Amino acid sequence: MRFDYDDGNIFAKILRGEIPNKTFLETEHTLAFEDIAPQAPVHMLVIPKGAYVSYDHFARDASDAEIIDFNRTVAAVCEKAGVEEGFRAITNARAHGVQEVPHFHVHILGGRPLGRMLERG
Ligand code: 5GP
């Protein structure tokens, strides 16, 4: 599979500092910030700083250092956000996944019961 990264996407602009964000955590390879339209009391987005379109792109092509840093940041976000009672990590990809922003990101949602994972249909 070929992944074509479009650096005009909104998260690329956030990473370049062209538009503001509410940063929650930042590391060498990873940024976590609040979703602009939260769907739960906790709704964070965790993104790599590298140019990856989707989870499968990141998991295939990112360096070990980037992958470790990303996953450790997810854990740190969960701890800092206080989601001891549970959370959901979601990553959407391409058309069937209904991905809106073509820069890999994981949603961390929590702070209330989240219901079942998927609706039928
Ligand atoms: P996707 O559908 O691609 O998985 O999710 C994209 C997410 O990015 C959505 O939850 C949307 O609310 C969020 N989002 C879109 N534009 C911005 C923005 O400019 N700033 C922030 N913080 N979040 C955004």
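Modeller: Start with polar contacts, meaning pairs of N or O atoms within 3.5 Å. Here, an N or O atom in the Asp 35 side chain is 2.5 Å from a ligand oxygen. This is a predicted model, where local features need pLDDT of at least 70, side-chain atom pairs count only at pLDDT 80 or more, and totals for chains, interfaces and linings use all residues. Residues are numbered from 1 along each chain as its sequence is written, and side-chain values use heavy atoms, with hydrogens and water left out.

Biologist: How far from an oxygen atom of the ligand does a polar side-chain atom of His 105 lie?

Modeller: That distance is 2.8 Å. For His 107, a side-chain N or O atom is likewise 2.8 Å from a ligand oxygen.

Biologist: How much of the ligand's accessible area does the protein cover?

Modeller: Accessible areas come from the Shrake-Rupley method with a 1.4 Å probe. The ligand has 520 Å² on its own, and the protein covers 87% of that.

Biologist: How many residues surround the ligand?

Modeller: We count a residue if one of its heavy atoms lies within 4 Å. There are 16, and Asn 92 and Glu 100 are among the closest.

Biologist: Which element gives the largest share of that shell?

Modeller: Helices are DSSP runs of H or I with at least four residues, and strands are E runs of at least two, numbered from the N terminus. The largest share, three residues, comes from α1.

Technical notes: A polar contact is a pair of N or O atoms within 3.5 Å; within protein, one must be able to donate a hydrogen and the other to accept it, and residues adjacent in sequence count only if both atoms are side-chain atoms.
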